[in-house]
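Read it alongside the sequence and the model.

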4 protein chains.
Amino acid sequence: MTLKLEGLNNELENKIINYRRDFHKYAESGWTEFRTASKVAETLDDLGFDLQLGQEVVDQEARMGVPDQEELAKHYQRAKEQGASQKYLKEFKGGFTGVVATLKNGEGPTIGFRFDMDAVEMNESSSKEHRPVKEGFASINENAAHACGHDGHTAIGLGLAEILMKNKSKINGKIKLIFQPAEEGVRGAKSIVASGVLNDIDYLYGLHLGLGVESGKAHPGATGFLATSKFDAIFTGQPAHAGGNPEKGKNSLLAAATAVNNLYGIARHSQGPTRINVGQLNAGTGRNVIPDRARLVIETRGATSELNQYMYDQAINILEGTAHSFQQDLNIIAMGGAKSGESDKELMDKVFQEASKITELEHIYEKPVNMGGSEDFTYMLDKVQKNGGKGTFAILGSDIASGHHTAEFDFNEKDLINGVNLLARLALTS
Amino acid sequence: MTLKLEGLNNELENKIINYRRDFHKYAESGWTEFRTASKVAETLDDLGFDLQLGQEVVDQEARMGVPDQEELAKHYQRAKEQGASQKYLKEFKGGFTGVVATLKNGEGPTIGFRFDMDAVEMNESSSKEHRPVKEGFASINENAAHACGHDGHTAIGLGLAEILMKNKSKINGKIKLIFQPAEEGVRGAKSIVASGVLNDIDYLYGLHLGLGVESGKAHPGATGFLATSKFDAIFTGQPAHAGGNPEKGKNSLLAAATAVNNLYGIARHSQGPTRINVGQLNAGTGRNVIPDRARLVIETRGATSELNQYMYDQAINILEGTAHSFQQDLNIIAMGGAKSGESDKELMDKVFQEASKITELEHIYEKPVNMGGSEDFTYMLDKVQKNGGKGTFAILGSDIASGHHTAEFDFNEKDLINGVNLLARLALTS
Amino acid sequence: MTLKLEGLNNELENKIINYRRDFHKYAESGWTEFRTASKVAETLDDLGFDLQLGQEVVDQEARMGVPDQEELAKHYQRAKEQGASQKYLKEFKGGFTGVVATLKNGEGPTIGFRFDMDAVEMNESSSKEHRPVKEGFASINENAAHACGHDGHTAIGLGLAEILMKNKSKINGKIKLIFQPAEEGVRGAKSIVASGVLNDIDYLYGLHLGLGVESGKAHPGATGFLATSKFDAIFTGQPAHAGGNPEKGKNSLLAAATAVNNLYGIARHSQGPTRINVGQLNAGTGRNVIPDRARLVIETRGATSELNQYMYDQAINILEGTAHSFQQDLNIIAMGGAKSGESDKELMDKVFQEASKITELEHIYEKPVNMGGSEDFTYMLDKVQKNGGKGTFAILGSDIASGHHTAEFDFNEKDLINGVNLLARLALTS
Amino acid sequence: MTLKLEGLNNELENKIINYRRDFHKYAESGWTEFRTASKVAETLDDLGFDLQLGQEVVDQEARMGVPDQEELAKHYQRAKEQGASQKYLKEFKGGFTGVVATLKNGEGPTIGFRFDMDAVEMNESSSKEHRPVKEGFASINENAAHACGHDGHTAIGLGLAEILMKNKSKINGKIKLIFQPAEEGVRGAKSIVASGVLNDIDYLYGLHLGLGVESGKAHPGATGFLATSKFDAIFTGQPAHAGGNPEKGKNSLLAAATAVNNLYGIARHSQGPTRINVGQLNAGTGRNVIPDRARLVIETRGATSELNQYMYDQAINILEGTAHSFQQDLNIIAMGGAKSGESDKELMDKVFQEASKITELEHIYEKPVNMGGSEDFTYMLDKVQKNGGKGTFAILGSDIASGHHTAEFDFNEKDLINGVNLLARLALTS
């Protein structure tokens, strides 16, 4: 039986390339995807999807690494000025920039597709050799650049939506398109999971462009996701004049220094690689004042969620004990996190099978990619798997101009339509 | 009015010199003064004093730095073999080697005199030039030598008892002679205080021989006692094979190392000198085993009790916090302590006045000695002063052969009878 | 014999009050006193003094805590715009803002007077109740306020210069007026000393307004200066990806943390109070990068120069050892310093005697003030005393509106002329 | 072609069992194998081998973890009393307990066989159920028990010697039998290598009994040896009275504590597992004395020699830096060490082939055993391989009564003769 996809044509391809370029130009970093999410919502609404927006899909408590209110307000205002749709914008106010669109037909399983929307916090190259500059869609926003391909993911999501609507009758069950904020820094997925929108998913698909795989090739899944916890620890003590009354101080800098020494000393684990780093320490005010505040910027990692948890638990213990030693208040702020995980064999086989039918794809690997890094898709994967569902994180190859997270990153827009094609097949045949 | 002391004669002088030599030969260190206390009790009982012994005057909980049961038993057995009076010995079993003797006549204030009985934990010189060796009364006990003069203090106490009994009719009120164990390491006085036997004291006198003052001279009191806390901290964690399962260990050595770094870092105090020292750290077993036990031998000091308390509180806080950081059990064992303190002007004037009447004393200073060290007499002084009483710690000069706490220490026995004379005068005229 | 001072009149008083208000309004902080020094130089030149300027009196190597070139250039430009005398300004370029003016007549000793010119790095109050605001001379410069009275000192110096010139014939010997930059943070005096301009001084006078002494009162000298060293330590290591290649990093943050723990643990000194503080620690860049740079902002103190030197030497040793442990480059940058010191009795008697002749001063203390803080005048005092000369640091009382170094600090301008009177007497009678 | 081994009979089997039981009963731990080595030398001499003894085969400088002179003398005396051969004993005096025996015939390669002779430092079980007790050959020496099977290895070595001599004409080349001291704690092999006796080896065989492999089975080689360095670090500073002159101390305990914190903090390595442990720390004397000596008992490990070297280099660096920080003398004492390593395929094939011919061996694995621990045979292996030779470390299975290094360890003596058989075949056919 051959699947005939209505609407998968040049017109759609042009449309999704335009989407991508629009998102690219108005790049928005994590939790500030106000304009992007508004455009996504507007498009999906126009197509006829049922929408859930903002706090319906983003749990406030579970968000990590959210910018402060002032920053959020500034970017909200920028989104407004850059043409965000007013109708939807207000739903995202305060950094709840998530969109979930649902389409149902007949009876059958619930299939989820995840798209991340945020840009990297960096400036895009302004070199004239850089294609986005040459063709006029380089980021015009300070400290925000689509240097990882999420603009492409979002465009594919919108293309998929259009195809699905055009082929609605072929759907058996429920389709959920999940547009997620703040994947960079692994900050957003946890809050989407916490909102409950993944609770009914039977099959979950994530997709990433590039990652070292060339255009025309694909991997059906991924393995070797590193679990990680990213958090800040703030010690608050009491200042005192270092000459006049040193005994009255409760020295936060000294507490932080002790914690640092002990954090790096957490015992190695026999079951696999672990990591810890204190990337920043900032403490103190005047030279002659006993410091009453110190901020540590920390991350732990582990080859598995258990190994990362071991590192995290030990770290918290040390921070707590040190706070006691130096009579400090301790504030731990979650800034990001991801789990370890494995794509399910069943869905990888499915992806392999459907991808193999796409003539534009010349080579489909049977094996998953070994990530060796972190992705917060793992929070979603873990949720679905714990509920008895299946998931996979496929890689759609794309020739890139420069490495991910570099100023001159760009991908091959020809690959976008193949992404739509693949996901549509998975949606309509699962 | 002249005080005529019955019995202050050559015979008594010889008797107290013999007492001193007996205690010196059978030297017993802190909490093991079984034979010494028995002899003291026997002598005082024979003289007709009311006695309180052992646990009546030594509070079990308040004792510090007590040797273990095996050590105590060994020394108890030695005391038996060295002629301790069986009748009293059993009262002191388990290290309750205190004696308080009371004598009452007429109405008047309660006057206390404190004598410490313990030897230093060291070996006495065996040099033929050393007078105790030449004259046959050098210590025959291992690791116990009267190198501080407490043998002389105890002998003075017994001489005083005899004079008081002979002059009982001149007493107006109550006299308490307090024979204390374990002054070395400042371990014993606290438990005497805790037993309550000082609760009714109006005037309290302590006396020390030597301390850099020559024979024939005396100071009426002392100032500048350093407050100190001596304690051990034991971390208990969990061992693990350092190669095979390092993550299973709870590293006591690492905890101890962290505590050491932080203890020395306790902030200086603006109100006066403070000190901290970790004199010993012993931790661990095999090279390839994560250490599950560490003992820290610690002392804090302060120019005042408040300053010492500051140091102690900070230290405990650090030890507790560190125990939390490394998931250790923490055991703090009090090993000794002393307070700061000042002799009362009123009693110093009294001592000055009475000492000035003793023709054998050629020079009495008006000012107190500045101790610059610790004495657990301060616990008693503090108790009496808090109850509204007065106290002083007088220094009776004595030419010494070598410094206190050295192997060749010896004092001039001629000074003992002057000590009896002085204290008797204070007892009968206060 | 009565000294008759020509020119000590209302006109001069008004003139020095105007000087003071001018310096106050155009407040300049340490090493940026471009306009102030230019005005001082111009005035002294007009009066006929021999001038030494800039690098002649400020040794480049011995300067401490100098702002960076960009900062210096910005303030230089500001001075130009605020009316600095172009003729002299260029001499001070690059932060060499010192002026020494010499006047010679007859034969006799060389007498030095020191005036500090810098403002505090803080903003002045903008309250309408604040007199400088009400009367229009509050600082118009960001982060620079005369909140310590150095504007008054400089004005007194110019008043003294005018009197001296008018009474030149009464001078026997040589007078040197030393206008010093950067006393705040104890940064400037050392470089003046290093230039050699104090080498020939026989008598040296410093003077400070206020310091808790009321208008109409004065102290002839000061004691209890705390010695201090202020310095930054910078560790430079090597960055590495904390997940990918932790072994390739040379962790500056970890080095700094270790140093902090050890710096606070420097042993207390038996000879007197000492202090150490790490007021700031800033290290690291990204959360997942092993930090390759850390800056520690440190100060040591001691009751004497020897005690401070002990602390400093120990600190340097620790920093060096830690650099070795973690394979870091270490850069120690001197940021300030002062010595301990004592005013000479001979000069204090002289000040007492001359001050007592001034009818506007109602009470002259015989004793020096106990400073309990640091002043870099001590570098000059030390130099003169080591050469066999004498020095004193007198306090001229003044009612102040608010404490030194507070935003609403102001002093009583009536006291300025008394300062001129006193110093002129010392100059003409020493 | 079949190899016919003269003398491989019951008589020999009984003889080697008796050897084994004799060594077992008079167990001697590392560097004190005086009696054992004497017996070995005597037997080999009687057989007609050329001998190299003591310092000829044990390089003094390269020895690690040698007991002190007193300990050595005590055990030397014991060996004498327990019947050591006087003729050879003196060669081993001072702990040079190595024997190398050489036999040459015709032309051909040089083949080495290594046997370790030392017992474990522990007491053997005295349970009546323990076979060595029942049959009267349990260790009669305190703190020395053959709980690892080295008694068996030595016995096999002597059995091999006898067979080789009886089949001398079949030898083509040179055979070296290397009897090594102190394998426990990986202390002895390095000194054998340093003596040069392995310089001419073309093929090197080591063999170990048991190691989890059952009787009748064998592995032809081993892999996964962990590299390790075992060393002590001693800090020597300066004592001082902690109350009186804390500034005069150079605190060794504080130095050690700092080093401990930093040693555990050595960065994890991306290329594989690493370990560090401080198994013991002992420092200090009196509670009130600043400690002037501290000993750290340390080990590093790595999956490869390079990884272990990384750990060791970092550790030394930290110890040196810390010594500087605290003005300590630092003494590093090598206590043991082993390299990583791999058996050569060529020799494993050879072992497989020859072992397969022994009918008493029912199963020969083709793959090497994964050690997961350390063996100082690796020093020899490394030397031979670096010279262009080959080596392997074969495992001869044996049913054991209890795990290696436990008090009730015992192996199946039936396996010894198979060991002789296998090694003889390797010697005569290589």
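**Cavities and the A–C interface**

Helix H8 (252-264) of chain A, helix H8 (252-264) of chain B, helix H8 (252-264) of chain C and helix H8 (252-264) of chain D each give at least two residues to the lining of the second largest cavity. Helices (H or I, at least four residues) and strands (E, at least two) are DSSP runs, numbered from the N terminus. This is a predicted model, in which local features need pLDDT of at least 70, side-chain atom pairs count only at pLDDT 80 or more, and totals for chains, interfaces and linings use all residues. Residues are numbered from 1 along each chain as its sequence is written, chains are lettered from A in the order in which they are written, and side-chain values use heavy atoms, with hydrogens and water left out.

**Second largest cavity**

- A cavity is a set of points, on a 1 Å grid over the protein atoms alone, where a 1.4 Å probe fits but cannot get out; lining residues have an atom within 4 Å of a point.
- The second largest cavity holds about 60 Å³.
- Its lining includes A:Thr258, A:Asn261 and A:Asn262, and also B:Thr258, C:Thr258 and D:Thr258.
- That lining has 12 polar residues, no nonpolar and no charged.
- Here Ala, Val, Leu, Ile, Met, Phe, Trp, Tyr, Cys and Pro count as nonpolar, Asp, Glu, Lys and Arg as charged, and the others, Gly among them, as polar.

**Largest cavity**

- There are 5 cavities of 30 Å³ or more.
- The largest cavity has a volume of about 290 Å³, taken as the space filled by probe spheres set on grid points joined across faces, edges and corners.
- Its lining counts 22 residues, with A:Gly265, A:Ile266, A:Ala267, B:Asn251 and B:Leu254 nearest the centre.
- Two elements give two or more residues to this lining: helix H9 (305-325) of chain A and strand E9 (274-284) of chain D.
- H9(A) gives the most, 3 residues.
- By class, the lining has 11 nonpolar, 7 polar and 4 charged residues.

**Interface of chain A and chain C**

- In chain A, 36 residues contact 36 residues of chain C (heavy atoms within 4.5 Å).
- About 2,700 Å² is buried between chain A and chain C, and carbon and sulfur atoms give 50% of it.
- Buried area is the accessible area (1.4 Å probe) that two parts lose on being put together, summed over both.
- The interface has 2 salt bridges (side-chain nitrogen of Lys or Arg within 4 Å of a carboxyl oxygen of Asp or Glu).
- A:Asp232 and C:Arg287 form a salt bridge through their side chains, at 3.0 Å, N to O.

Notes:
1 Å grid on protein atoms, 1.4 Å probe; cavity = no way out; pocket = protein on both sides within 12 Å on 5 of 7 lines; lining within 4 Å.
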